[in-house]
Amino acid sequence: MKTEGPKSRFAAHGYAGIAIIIVAEALLFSRNQFVGHWFTPIVWTGYIFFVDALIYKLRGRSLLTTDRLEFLVIAIISIAGWWLFEFYNAPRFWKSNLELWWHYHNLEPNLFLRRAGYDWAFATIFPAMFETAELFTITVFKQQKQRVAVRFSKPTLAVLGVLGAVGSIAPFVFPSEWLAPLVWLSLILLLDPVNTLRGWPSLAGDLGHGDWRRLWSLLMSGLVCGVLWEFWNYWAISKWTYTVPYFGNVKIFEMPVLGFLGFPPFAIECWAMYIFCRSLLTSRPATVETGGAQIHITTRPES
């Protein structure tokens, strides 16, 4: 049985993260053009530094201190994962510039720098949510409580996987602004059963053991990061806006209010994508907390 590491000092990169957030905010509101255009990747880098340092202080290990290679893997999967979502948003990009749901404004005119900005911003998405979820697992949801176990049979998992596959393909075959919910739900139904059946960490596996901690941690991380994404995006110069067919004019910041319901499952979807992609890179990791609450894969035992 794995035990938590001893509490440690607050790492230096945590102070750097706080400084980055404060300075970026100050420069943004002083109308600094450079920071205004690059605000999203800058501020989220600071956020990741800060939360990671909190995790290190509380747990004695973290992605940026003891699992840096895993952090790099997560960042690369994050970039690739969000480009997939960009494809969902513009499934006929070779025919037109029509974007179905979100639209970018005031982007860097240099295409090479714009691509660098895209990838930098996209690289922060999965790490931000996973770091936040990890923080929830060692604080709010630290104690395992006896809960009802929900067990999924193999036929049930297979059916869910088929439904997820259909839902994942449909937005490409029938592009429609009405299909946004499928984008944020179908990959969960497709990949989590696959991860379960292949013996990798999964929410279906957790629930089968009556362990709901990872589920709640991911849901909360999606909500927290979603609110912060929209809050910080609202003030930035380079930003995104949305067009959706249902209550699109009722907004909090730039996000239609119903859109906030998509952030919690989005975190679960991204985690299922990460576990699936990670499983393709190696055999079973040295540490897999079956039924546990750990968010990222650990390739060496904890002390």
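Biologist: Why does Arg31 count as exposed?
Modeller: Arg31 has 70% relative accessibility. Exposed means over 50% relative accessible area, buried under 20%, and partly exposed in between (1.4 Å probe, protein chains only). The value of 70% is over 50%, so Arg31 is exposed. Before we go on, this is a predicted model, in which local features need pLDDT of at least 70, side-chain atom pairs count only at pLDDT 80 or more, and totals for chains, interfaces and linings use all residues. Residues are numbered from 1 along each chain as its sequence is written, and side-chain values use heavy atoms, with hydrogens and water left out.

Biologist: What makes Asn106 partly exposed?
Modeller: Asn106 has a relative accessible area of 47%. That value falls between 20% and 50%, so Asn106 is partly exposed.

Biologist: How many helices and strands does the protein have, and how do the elements run from the N terminus on?
Modeller: The protein has ten helices and four strands. The order is α-α-α-β-α-α-α-α-α-α-β-β-β-α.

Biologist: How do you know whether the radius of gyration agrees with that of a compact globule?
Modeller: The radius is taken over C-alpha atoms, and the globule rule is 2.2 Å times the number of residues to the power 0.38. For 303 residues the rule gives a value near 19 Å, and the protein has 19 Å, so the two agree. The C-alpha atoms fill a box of roughly 50 × 50 × 35 Å along the principal axes. Of the 303 residues, 51% count as buried.

Biologist: What share of the accessible surface belongs to carbon and sulfur atoms?
Modeller: The share is 69% of about 14,700 Å². Such areas come from the Shrake-Rupley method with a 1.4 Å probe.

Biologist: How do you know that helix 1 meets helix 9?
Modeller: Contact means heavy atoms within 4.5 Å. By that test, Ile21, Glu25, Leu28 and Phe29 in helix 1 meet Phe231, Trp232 and Trp235 in helix 9. By class, this contact has six nonpolar, no polar and one charged residues. Here Ala, Val, Leu, Ile, Met, Phe, Trp, Tyr, Cys and Pro count as nonpolar, Asp, Glu, Lys and Arg as charged, and the others, Gly among them, as polar.

Biologist: At what angle do the axes of helix 1 and helix 9 cross?
Modeller: The axes of helix 1 (residues 12-29) and helix 9 (residues 213-235) cross at roughly 35° and come within 10 Å. Axes are lines fitted to C-alpha atoms, for helices over the stretch in contact, with angles from 0 to 180 degrees between N-to-C directions.

Biologist: What makes Arg59 buried?
Modeller: Arg59, in helix 2 (residues 33-59), has a relative accessible area of 7%. That is under 20%, so Arg59 is buried.

Biologist: Why is the pairing of the Arg59 and Glu134 side chains called a polar contact?
Modeller: A polar contact is a pair of N or O atoms within 3.5 Å; within protein, one must be able to donate a hydrogen and the other to accept it, and residues adjacent in sequence count only if both atoms are side-chain atoms. The Arg59 and Glu134 side chains are at 3.0 Å, so the pair is within the limit. The side chains of Arg214 and Asp206 also make a polar contact, at 2.7 Å.

Biologist: Why does Arg214 count as buried?
Modeller: Arg214, in helix 9, has 3% relative accessibility. This is under 20%, so Arg214 is buried. Asp211, in the loop between helix 8 (203-208) and helix 9, also counts as buried, at 1%.

Biologist: Which residues does Leu84 touch?
Modeller: Leu84 in helix 3 (residues 68-89) touches Phe172, Leu187 and Met273, leaving aside residues up to four places away in sequence. Leu84 has a relative accessible area of 29%, between 20% and 50%, so it is partly exposed.

Conventions: Helices (H or I, at least four residues) and strands (E, at least two) are DSSP runs, numbered from the N terminus.
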